[in-house]
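Welcome, and thanks for taking a look at this one with us. Please have the sequence and the coordinates open as you read.

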Amino acid sequence: MIDIQGLKAGFGKKEILHNIQLHIPADQITAIVGQSGCGKTTFLKTLNRILEDEGGYIHGQILIKDKNIMGMPKEQLCKMVGLVFQQPIAFPFSVRRNLSYVLKYHNRLTKEQLDTRIVETLKKARLYDEVKEHMNQSALKLSGGQKQRLAIARSLCAEPEVLLLDEPCSALDMKNTIAIEELLLELKKQYTIMVVTHNLAQAQRIADSVIFMDQGKVLEMTPKEIFFREPKTQLAKEQIAYM
């Protein structure tokens, strides 16, 4: 699904990611774990080239379904790869408009088609039942967990092939964390999902594969069961011991 060869990235003369080589399978959840500052978020931001928008550079080859994203128009890439940030983001207008503007941007839809897509997407994000009576109210009134599911719904409006999430549960309580995890387990049936998380227990609950990073390098990528049973590096062993 995603093939990465010789990936280097950073800012100016500072290289943050060093010669990453990976193959990410389709229709799985891949968790990216490691200590704070090891390059997890930077790596995630290379996969939709948002790092370039922040003034960084990306060298190497990133193929998604055999298409080189480095030569791809940004608009096409944004449609192919969705990104959900750490802090739940709801734009300051209605729940309906949070989704409708994305749908209108990517599609020509009648009002009936638009309404149908909004409902379908909210249901897919497991949010519709909670907001169906408040579709025209400000999305800023939603709880943190609802805002995060709205952000996921908004990303799904573009019908991406890959969904990236950067610490999606770090600002949420246990109830909302469980809701997001259950949602991601459902969504992996249709999307290739990559999740940056500092929470090893979360990775153990939801991931199919684990990428373990340190100092801008991928030290191992293995199926979840192998990573937690037989980690290859001493650092991974120490972190798992204290999870």
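This is a predicted model: local features need pLDDT of at least 70, side-chain atom pairs count only at pLDDT 80 or more; totals for chains, interfaces and linings use all residues.

**Helix α8**

- Helix α8 runs over residues 174-187, and its 14 residues reach 20 Å from the first C-alpha to the last, close to the 20 Å expected at 1.5 Å a residue.
- Buried in α8 are Asn176, Thr177, Ile180, Glu181, Leu183, Leu184 and Leu187.
- Seen down the axis of α8, these buried residues fall within an arc of 160°, so they line one face of the helix.
- Met174 and Lys175 are exposed, on the face of α8 turned away from its buried side.
- The partners packing against the buried residues of α8 include the strands β3 (29-34), β7 (162-166) and β8 (192-196), along with α5 (111-124), α7 (144-156) and α9 (200-206).

**Aromatic contacts**

- Searching the whole structure turns up 5 aromatic pairs.
- One of them joins Phe91 and Tyr101 edge-to-face, at 5.9 Å centre to centre with 70° between the planes.
- Phe91 sits in the loop between β6 (81-84) and α4 (95-106), while Tyr101 belongs to helix α4, 10 residues apart.
- Phe91 counts as partly exposed because its relative accessibility is 27%, and Tyr101 is also partly exposed, at 36%.
- Phe227 and Phe228 make an edge-to-face pair too, with 5.1 Å between centres and 85° between planes.
- Phe227 is buried at 1% relative accessible area, and Phe228 counts as buried at 13%.
- Phe91, Phe93 and Tyr101 make up one aromatic cluster.
- Arg97 lies over the face of Phe93, at 4.3 Å from the ring centre.

Key
Residues are numbered from 1 along each chain as its sequence is written. Side-chain values use heavy atoms; hydrogens and water are left out. Helices (H or I, at least four residues) and strands (E, at least two) are DSSP runs, numbered from the N terminus. The expected span of a helix is 1.5 Å times one less than its number of residues. Buried means under 20% relative accessible area, exposed over 50%, partly exposed in between (1.4 Å probe, protein chains only). The arc is that of the directions from the helix axis to the C-beta atoms. Contact means heavy atoms within 4.5 Å. Rings of Phe, Tyr and Trp (its six-membered ring) pair if their centres lie within 6.5 Å; planes under 30 degrees apart count as stacked, over 60 as edge-to-face and the rest as tilted. A charge sits over a ring if NZ of Lys or CZ of Arg is within 6 Å of the ring centre and within 35 degrees of the ring normal.
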